[in-house]
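Hi there,

Here is the structure I promised to pass on.

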Amino acid sequence: EIRLSLVGSEMCIRDSHPVASAHGELPDSAALAASTNIDLWGLNVYRWDNPEKIFKQWSALSDKPMYLSETGSDSYMTVANHGFSEGENQHAQAQSLNNILNDVFEHKLTSTGVLVFSFTDELWKAGNPDIQDIGGWAPASSGVPYDGTANEEYWGILNIDRDKKEAFYVLKEFYRNQNN
């Protein structure tokens with residue numbers, strides 16, 4: 001059997017391979033009804049440091065497998081908050097990633113995995129592409145731990161020089177422990 005699937009804005013031929021998505025947050029019933037050929041739903045989820053509710057919400061919507069196709073936090077605090085100091089704060093990013101990963105792995109029956117955003121910090125999102133800028137905030141980004149501000153150039157688990165940040169080691173240990 002060959003079926004055609006519309007994924008994003010591209011049409012693909014689907015025969016013996018699964019089709020996955022990366023959808024912004026939880027799809028509504030119209031998106032689910034229009035996307036019946038998606039076998040694995042990816043959800044971009046930014047719910048502070050606690051995405052736990054998404055798994056129950058997904059289970060109520062669909063019996064298809066899902067994964068978090070994008071989640072994480074930045075390493076820059078625009079204000080001191082929740083015990084974390086203002087400015088670059090790798091500890092805040094590492095703590096939030098640890099909490100997010102705990103939720104994901106506690107819900108293995110619903111979630112097939114997680115992709116952490118992003119691998120490296122970026123220089124091109126907020127202003128001068130020659131330096132790392134704060135800002136570049138995404139609209140309605142209140143789901144970002146712990147200051148509610150998505151400083152777009154500070155999301156990497158590696159910094160702009162490709163040095164490992166604290167969040168890198170959290171992710172490394174998490175997967176090492178999952179494989180034991």
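Let me start with a definition: a cavity here is a set of points, on a 1 Å grid over the protein atoms alone, where a 1.4 Å probe fits but cannot get out, and its lining residues have an atom within 4 Å of a point. Grid points are joined across faces, edges and corners, and a volume is the space filled by probe spheres set on the points. By this rule the count comes to one cavity of 30 Å³ or more. The volume of the largest cavity is about 30 Å³, and its lining consists of G72, S73, Q93, L97, V116, F117, W155, I157 and A167. Please keep F117 and W155 from that lining in mind.

A word on the source: this is a predicted model, in which local features need pLDDT of at least 70 and side-chain atom pairs count only at pLDDT 80 or more, while totals for chains, interfaces and linings use all residues. Residues are numbered from 1 along each chain as its sequence is written, and side-chain values use heavy atoms, with hydrogens and water left out.

**Overall layout**

The protein has four helices and eight strands. These are DSSP runs numbered from the N terminus, with helices being H or I of at least four residues and strands E of at least two. Read from the N terminus, the order is β-β-β-α-β-α-β-β-β-α-β-α. Of the 180 residues, 46% are buried; buried means under 20% relative accessible area, exposed over 50%, and partly exposed in between, with a 1.4 Å probe and protein chains only. Among contacts (heavy atoms within 4.5 Å) with a separation of 6 or more, 57% are between residues 24 or more positions apart.

**The core and helix 2**

A nonpolar core is a set of buried Ala, Val, Leu, Ile, Met, Phe, Trp, Tyr and Cys residues joined through side-chain atoms within 4.5 Å. The largest one has 25 residues, and W41, L43, M66, L68, L101 and V104 touch the most other members. Two or more residues each come from strand 4 (41-44), helix 2 (52-61), strand 5 (66-71), helix 3 (90-106) and helix 4 (166-178). Helix 3 gives the largest share, six residues. Beyond its neighbours within four places in sequence, V104 is in contact with F55, L68, S111, G113 and V114.

Which residues of helix 2 are buried? They are I54, F55 and W58. These residues lie on the same side of helix 2 because they cover an arc of only 100 degrees around the axis, the arc being that of the directions from the helix axis to the C-beta atoms. Their cover includes helix 1 (29-34), strand 4, strand 5, helix 3 and strand 8 (111-116). The face turned away from the buried side carries the exposed residues K53, K56 and A60.

**Aromatic pairs**

There are nine aromatic pairs in the structure. Rings of Phe, Tyr and Trp (its six-membered ring) pair if their centres lie within 6.5 Å; planes under 30 degrees apart count as stacked, over 60 as edge-to-face and the rest as tilted. Y46 and W155 are edge-to-face, because their ring centres are 5.4 Å apart and their planes at 85 degrees. Y46 sits in the loop between strand 4 and helix 2 and W155 in the loop between strand 8 and helix 4, so this pair ties together parts 109 residues apart in sequence. Y46 is partly exposed at 22% relative accessible area, whereas W155 is buried at 4%. F117 and W155 have ring centres 5.7 Å apart and planes at 55 degrees, so that pair is tilted. Y46, F117 and W155 form one aromatic cluster.

**Backbone details to look at**

Most residues other than glycine have a negative phi, and most peptide bonds are trans. Here, a cis peptide bond joins F117 and S118, with omega about 0 degrees, and another joins P145 and Y146, with omega about -15 degrees. E25, which is not a glycine, has a positive phi of about 65 degrees; E25 is found in the loop between strand 3 (23-24) and helix 1. R162, also a residue other than glycine, has a positive phi near 70 degrees, and R162 lies in the loop between strand 8 and helix 4.

Enjoy exploring it!

Methods: 1 Å grid on protein atoms, 1.4 Å probe; cavity = no way out; pocket = protein on both sides within 12 Å on 5 of 7 lines; lining within 4 Å.
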